[in-house]
Amino acid sequence: MFEPWVGERFGAADNIVGGRRVLCVGESHYAGEHPVGSKVPEMTADAMRLYRSRPPGERWVRTFDNVAWAVSGKSREELECDGKRGEFEVWSSLALYNYIPKLLAKTPRSNRPTPEQFQDGKAAFEDVLQATNPQVLLVWGYELFPWIIRNHYPEYDGHPWSFAGEWIDLPRNPSMRAVRMQHPSTGYSPKAWHDVIQRALCL
């Protein structure tokens with residue numbers, strides 16, 4: 001499996017999300033330098049180190065920037081400090097994990113996870129939840145969200161693929177709020193999602 005990346009201010013009382021422990025849940029990893037189906041535990045941490053050093057413009061960088069803008073409610077210009085990008089400072093209050101526990105494909109959008117692969121992610125994600133103890137999950141993508149319900153809320157009496165609300169509270173101890181968020185890679189409005197995230201943080 002991939003180890004989660006945890007920002008240094010994750011759960012800190014004065015972090016940007018009001019002291020909440022917020023875990024962003026992506027879908028899968030892609031890389032050309034590793035075999036498809038392999039497990040590279042440090043890949044998520046490596047991606048965040050690379051993100052911190054990359055200039056804006058690349059599509060995958062924009063994906064992470066979109067989340068920073070949505071969480072903070074601020075633009076690139078508002079986050080900039082002394083000529084340096086400020087998006088990573090937002091990320092320092094968050095954690096990140098990709099649900100599919102093995103490398104999915106060589107390039108983005110070249111493959112989609114199978115139901116079996118989503119099911120295979122269940123045990124690994126439970127381990128991550130135990131390790132990070134998040135209060136809020138920002139689940140990236142409407143395709144991933146139903147699997148969060150199916151795999152981690154077995155008592156749910158509805159149809160996971162019919163759920164269209166902003167979030168659902170998973171009956172854990174303590175309760176955990178899972179936000180059904182549009183994937184931040186395309187057609188994403190940070191302003192609109194900031195409003196949703198702010199409401200979801202009012203546990």
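For the residue classes used in these legends, Ala, Val, Leu, Ile, Met, Phe, Trp, Tyr, Cys and Pro count as nonpolar, Asp, Glu, Lys and Arg as charged, and the others, Gly among them, as polar. Please keep in mind that every view shows a predicted model.

**View 1. The second largest pocket and its lining.** This pocket has a volume of about 260 Å³. Its lining is made of 15 residues, and R52, K84, R85, G86 and F88 are the closest to the pocket centre. Helix α1 and helix α4 (87–91) are the elements that give two or more residues to this lining. Sorted by class, the lining of the second largest pocket holds 7 charged, 6 nonpolar and 2 polar residues.

**View 2. Helix α1 meets helix α2.** Here you can follow α1 (residues 43–53) and α2 (residues 59–72), whose axes come within 11 Å and cross at roughly 90°. Angles of 65 to 115 degrees count as roughly perpendicular, and α1 and α2 are therefore roughly perpendicular to each other. On the α1 side the contact is made by A47, M48, L50 and Y51, and on the α2 side by W60, V61, F64 and D65. The class count for this contact is 7 nonpolar, 1 charged and no polar residues.

**View 3. The buried residues of helix α1.** Which residues of α1 are buried? They are M43, T44, A45, M48 and Y51. Among the elements that cover these buried residues are the strands β1 (5–6) and β3 (94–98), together with α2 and α4.

Conventions: Residues are numbered from 1 along each chain as its sequence is written. This is a predicted model: local features need pLDDT of at least 70, side-chain atom pairs count only at pLDDT 80 or more; totals for chains, interfaces and linings use all residues. Side-chain values use heavy atoms; hydrogens and water are left out. Axes are lines fitted to C-alpha atoms, for helices over the stretch in contact, and angles run from 0 to 180 degrees between N-to-C directions. Helices (H or I, at least four residues) and strands (E, at least two) are DSSP runs, numbered from the N terminus. Angles under 35 degrees count as roughly parallel, over 145 as roughly antiparallel, 65 to 115 as roughly perpendicular and the rest as oblique. Contact means heavy atoms within 4.5 Å. On a 1 Å grid over the protein atoms alone, a cavity is a set of points where a 1.4 Å probe fits but cannot get out, and a pocket is an open set with protein on both sides within 12 Å along at least five of seven lines; lining residues have an atom within 4 Å of a point. Grid points are joined across faces, edges and corners, and a volume is the space filled by probe spheres set on the points. Buried means under 20% relative accessible area, exposed over 50%, partly exposed in between (1.4 Å probe, protein chains only).
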